[in-house]
Amino acid sequence: MFSGKHKLMILWILINDGDQGFAALMNKLNGVSKKVLSNQLKELIDDQIVNKSETITGNTKRTAYSLTEIGLTLVPIINMLNDWGKDRLAQVEITQKFNQVNQ
């Protein structure tokens with residue numbers, strides 16, 4: 001369900017920045033191709049984690065992606081992963097500094 005290079009980052013963006021259009025997600029995911037982003041979003045939609053809604057204003061069609069109720073249940077887990085990552089990076093930096101001083 002979470003295989004794919006960008007899925008967790010897509011979820012992180014939706015958690016922190018709210019509903020997003022395709023272009024906004026492209027901009028926030030530096031270097032992702034349209035095809036890859038489209039496929040990742042489709043898989044998240046198929047897994048009922050992300051919802052796609054479309055609105056039409058005049059001649060303009062807007063697409064927004066948001067977390068579903070099931071997707072919202074992942075928020076605490078993803079936040080814990082983020083906290084773990086921050087703590088782990090801090091440990092690595094402390095260890096590297098310690099090793100540099102003691103060489």
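H6 touches L29, V32, V36 and Q40, leaving aside residues up to four places away in sequence; a contact here means heavy atoms within 4.5 Å. H6 sits in the segment before α1, where helices (H or I, at least four residues) and strands (E, at least two) are DSSP runs numbered from the N terminus. With a relative accessible area of 12%, H6 is buried. Buried means under 20% relative accessible area, exposed means over 50%, and partly exposed lies in between, using a 1.4 Å probe and protein chains only.

Before going further, a word on what you are looking at. This is a predicted model, in which local features need pLDDT of at least 70 and side-chain atom pairs count only at pLDDT 80 or more, while totals for chains, interfaces and linings use all residues. Residues are numbered from 1 along each chain as its sequence is written, and side-chain values use heavy atoms, with hydrogens and water left out.

Now step back to the whole chain. The protein has 5 helices and 2 strands, and along the sequence they follow the pattern α-α-α-β-β-α-α. Its radius of gyration is 18 Å, well over the 13 Å that the globule rule gives for 103 residues, so the protein is more spread out than a compact globule. That radius is taken over C-alpha atoms, and the globule rule is 2.2 Å times the number of residues to the power 0.38. Along the principal axes, the C-alpha atoms fill a box of roughly 65 × 30 × 20 Å. Buried residues make up 23% of the 103 residues. Among contacts between residues at least 6 apart in sequence, 47% join residues at least 24 apart.

Let's look at the interior. In soluble globular proteins, nonpolar side chains tend to be buried together. Here, the largest nonpolar core has 17 residues, and I10, L11, L37 and V50 touch the most other members. Such a core is a set of buried Ala, Val, Leu, Ile, Met, Phe, Trp, Tyr and Cys residues joined through side-chain atoms within 4.5 Å. Each of α1, α2, α3 and β2 (60-67) supplies at least two residues of this core, and the largest share, 4 residues, comes from α1. V50 is in contact with L11, L14, L44, I45, Y65, S66, L67 and T68, again leaving out residues up to four places away in sequence.

In α1, the buried residues are K7, I10, L11, I13 and L14. They lie on the same side of α1, because they cover an arc of only 160 degrees around the axis; the arc is that of the directions from the helix axis to the C-beta atoms. After α1 comes G18, with a positive phi near 75 degrees.

Is Q20 buried or exposed? At 8% relative accessibility, Q20 counts as buried. The Q20 side chain makes a polar contact with the side chain of K28 at 2.9 Å, and also reaches the backbone oxygen of D17 at 3.1 Å. A polar contact is a pair of N or O atoms within 3.5 Å; within protein, one must be able to donate a hydrogen and the other to accept it, and residues adjacent in sequence count only if both atoms are side-chain atoms. Not counting residues up to four places away in sequence, Q20 touches I13, L14, L25, K28, T63, A64 and Y65.

Next comes α3, whose 13 residues reach 18 Å from the first C-alpha to the last, close to the 18 Å expected at 1.5 Å a residue; the expected span is 1.5 Å times one less than the number of residues. L37, Q40, L41 and L44 are buried in α3. They cover an arc of only 95 degrees around the axis, which puts them on the same side of α3. What covers these buried residues includes α1, α2, β1 and β2. Just after α3, Q48 takes a positive phi of about 60 degrees, in a residue other than glycine. Q48 lies in the loop between α3 (34-46) and β1 (50-57) and, at 49% relative accessibility, counts as partly exposed.

Our last stop is L81, in helix α5 (residues 75-101). L81 counts as partly exposed, at 46% relative accessibility. L81 and T60 are 21 residues apart in sequence and 38 Å apart in space, C-alpha to C-alpha.
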